[in-house]
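Let's take a walk through a protein model together. Have the sequence and the 3D view ready, and follow along as we go from strands to metal to core.

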Amino acid sequence: MKPTGDLSLVKKINKSLVLDYIRTQSPISRAKIAEISGLTKATVSSLVNELIESHLTYEIGVGQSSGGRKPMMLLFNGTAGYAVGIDLGVHYIYAALTDLNGTIVEEYRMSHRNESVEQVFAKLMECIRELISRAPESTYGIVGIGIGIPGISDEQGNVLFAPNLGWEHVPLQAMLEKEFDIPVIIDNEANTGAVGEKQFGVGKSASHLVYISIGMGIGTGIIINNELYRGTTGFSGELGHMSIQFDGPKCPCGNRGCWELYASEHALLDRARTELGIAQVTVEDLLKLAEEGHPAAIGLFERLADYLSVGIVSIINGLNPDLILIGGRLAEAQKWLREPILKALEQRSLPYPREQLNVQFSELGIRATVLGACSFVITNFFASTKVQLDWNRYV
Ligand SMILES: [Zn+2]
């Protein structure tokens, strides 16, 4: 009898399920998959054979037996395809190529002068081409491109507003898909950073975490119950525009006294220029001065910590997270920021919401965003109807 559409759909869903167990729990045996999935051993065996034929799974020797014949163990073939992840910064582009396990295999960095959309787009394409050219041969090739942007985008991947980059209504996803003909995912860099940290960094064991990316502005990625919180229309996390001074200076967003006007890299460098009397100064310069024991440079980081704390207190009181994770370039100033932040949080936040709170600095550093971007691409690849419903397209 010819299988009906429904039967074939069930089979494809089951195949996805089996692949998911192999991806997340390998090395694993067919018997174990049958046990935890509730599928029959015969069904699991037949689906595993198809996955082996599709090069997504392979066998690796025998495992421990609980009696009887020793089982053949299965592994996920992470090198069956590759993802490109990009952190599009205000003055830099950092790009990485990962395999399907999210392991970085190639990296490429460029700086840009942010003169025009066209100029940055040309450099972006150069980065992507370079990584694609370095990708090892694989069954599925490049499965997609993920980009973290310093601003907000919609579901169609249009960059709606990236004030520090000077971009408004740029159809970035469409421009790149036209160029490369593979799926492109655009998201806010703090969202991608939060997901990168949750999957690969110190955020692994946290269920409710707020990732604070401090760069030229401040962006936050909010993970609640292990899921990225996007809000009603996908624009959550703009806590950099939470006002901490009601009659403060005007912000390009329309509000006054926004948190990022006081606690971002931009604010730090502004203060450094005025107070240290240096016309051209970078975060690297300040880190170097602080390392040499320069009191004014250390003082600037401590003031930054005070301003950061004011916003973090509101996040703790409002969301009661188990982890506040400080990322972005200024995470490198941990040595001078950590103590004053912890002290201020103890003095200013409500005691109950911070009872089980951890405050950590990113260890992935600038890799958090690219890893999160790759993770979006890989998840999309496995969830896409192309894989679930039209598997044969790839084999
Ligand atoms: Zn603002």
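Strand β8 (residues 152-153) and strand β9 (residues 159-162) run antiparallel and pair over two bridges. Here a strand is a DSSP run of E of at least two residues, a helix is a run of H or I of at least four, and both are numbered from the N terminus. Two strands pair if DSSP finds at least two bridges between them. Before going on, note that this is a predicted model: local features need pLDDT of at least 70, side-chain atom pairs count only at pLDDT 80 or more, and totals for chains, interfaces and linings use all residues. Residues are numbered from 1 along each chain as its sequence is written, and side-chain values use heavy atoms, with hydrogens and water left out.

| Hairpin | Residues between the strands | Positive phi |
|---|---|---|
| β8 and β9 | five residues | Gly 157, near 75° |
| β9 and β10 | four residues | Gly 166, about 80° |
| β13 and β14 | two residues | Asn 225, about 50° |

β12 and β13 form a hairpin as well, with three residues between them.

## An open sheet

Which order do the strands of the open three-stranded sheet take? The order is β1-β3-β2, with antiparallel pairing. β1 (28-29) and β2 (57-62) are at the edges with a single partner strand each, so one side of each has no neighbour in the sheet. β1 pairs with strand β3 (residues 72-76) over two bridges, and Ile 28 has Leu 74 in β3 as its bridge partner.

## The zinc ion

What holds the zinc ion? Its protein donors are His 241 (ND1), Cys 251 (SG), Cys 253 (SG) and Cys 258 (SG), at 2.0 to 2.3 Å. Donors are N, O and S atoms within 2.8 Å of the metal (3.2 Å for Na, K and Ca), and since water is not among the atoms, sites may look incomplete. Along the sequence, the donor residues follow the spacing H-x9-C-x1-C-x4-C.

Are Cys 251 and Cys 258 buried or exposed? Cys 251 is buried, with a relative accessible area of 5%, and Cys 258 is buried at 0%. Buried means under 20% relative accessible area, exposed over 50%, and partly exposed in between (1.4 Å probe, protein chains only).

## The nonpolar core

A nonpolar core is a set of buried Ala, Val, Leu, Ile, Met, Phe, Trp, Tyr and Cys residues joined through side-chain atoms within 4.5 Å. The largest one has 40 residues, and Phe 301, Leu 308, Ile 312 and Ile 324 touch the most other members. The largest share, eleven residues, comes from α10. β13 is mostly covered, with six of its seven residues buried.
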